[in-house]
Amino acid sequence: MKNYQDINAETIDRWVEEGWEWGKAISHEEYVNACNGQWDVLLTPTKPVPKEWFGSLKGQRLLGLASGGGQQMPIFTAAGAVCTVLDYSPKQLESERMVANREGYDINIIRGDMTKPLPFEDDSFDLIFHPVSNCYVQEVKPIFKECYRVLKHGGVLLCGLDNGINFLFVNEDDRSELCAFPFDPLKNPEQRAQLEKDDDGMQFSHTMEEQIGGQLEAGFRLTHLYEDTNGAGTLHEHNIPCFLATRAIKE
């Protein structure tokens, strides 16, 4: 039987081939603009991350965790960071190689499963950029512990988090039937069948206790956060926040 992370990698590869929004690499023009200091990046669907969350990126060792796709790493490289990207989707990593080759910069590209111990030494990075992806893993707390380990003291963890509301309804357009939480297709056959029917890979709901509490338990100090919507759909039209972006420091 396939590991659920292998199922997710295959699913995301299909999405990329179909034109998935989060699998479209930036253009040459966007890269040039970033070299000139004109850039924004997303941790969640619609709100750009405030520039002050980063500080100066020049010379900073940056890990893009589950951040493949050629969207953020080229921008961080243009801003002067020394980038490593770890992702489990081969197609997302192909996009990283394509942009790096096109623009002529070096980047460390690693295919890796973030549910496993990260393949880095302690205190390896100054910043970790971790867009919404925890919804594709069953257990999130070990990820935060690994982030803490590989960050230097004073290092920054930036996360995009799904707050679980997207999993509340069996059908977003029919709010008469609610899902039981946690949403976990590895434990609930009906939930798995629904995901397979919709070609949604293996996805999981997580509480703020797991996600915010998990960062605090790992040793991080939370400094900033903001909420965001889906950017489209019924919940977005009702201005219901479904995501959270957080900034935390390893002290």
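**Close-up views of a predicted model**

Cys 147 is buried, its relative accessible area being 0% (buried means under 20% relative accessible area, exposed over 50% and partly exposed in between, with a 1.4 Å probe and protein chains only). The model is predicted, so local features need pLDDT of at least 70 and side-chain atom pairs count only at pLDDT 80 or more, while totals for chains, interfaces and linings use all residues. Residues are numbered from 1 along each chain as its sequence is written, and side-chain values use heavy atoms, leaving out hydrogens and water.

View A. For Cys 147, the nearest cysteine sulfur is that of Cys 159, 6.2 Å away. Cys 242 is likewise in no disulfide, the nearest cysteine sulfur, that of Cys 135, being 12 Å away. Cys 242 is buried, with a relative accessible area of 0%.

**View B. Helix α5 and its cover.** Ile 143, Phe 144, Glu 146, Cys 147, Tyr 148 and Val 150 are the buried residues shown in α5 (helices are DSSP runs of H or I with at least four residues, strands runs of E with at least two, numbered from the N terminus). Their cover includes β1, β4, β5, α7, β8 (220-228) and β9.

**View C. The largest nonpolar core.** This core has 38 residues, of which Leu 65, Leu 86, Phe 120, Ile 128, Leu 157 and Phe 220 touch the most other members (a nonpolar core is a set of buried Ala, Val, Leu, Ile, Met, Phe, Trp, Tyr and Cys residues joined through side-chain atoms within 4.5 Å). Elements that each supply at least two residues include α1 (4-17), β1 (61-65), α5 (141-150) and β9 (243-250). A second, separate core of 31 residues includes Phe 54, Ala 78, Val 99 and Leu 158.

**View D. Ser 67 in its loop.** Ser 67 lies in the loop between β1 and α3 (73-78) and counts as buried at 1% relative accessibility. Beyond its neighbours within four places in sequence, Ser 67 has contacts that include Leu 86, Asp 87, Glu 96 and Phe 129 (contact means heavy atoms within 4.5 Å).

**View E. Packing of α1 and α4.** The axes of α1 and α4 (residues 90-103) are 7 Å apart, at an angle of about 50° (axes are lines fitted to C-alpha atoms, for helices over the stretch in contact, and angles run from 0 to 180 degrees between N-to-C directions). The two helices are therefore oblique to each other (angles under 35 degrees count as roughly parallel, over 145 as roughly antiparallel, 65 to 115 as roughly perpendicular and the rest as oblique). Ile 12, Asp 13, Val 16 and Glu 17 of α1 meet Pro 90, Lys 91 and Gln 92 of α4 in this contact.

How values were computed: Disulfide = S-S within 2.5 Å.
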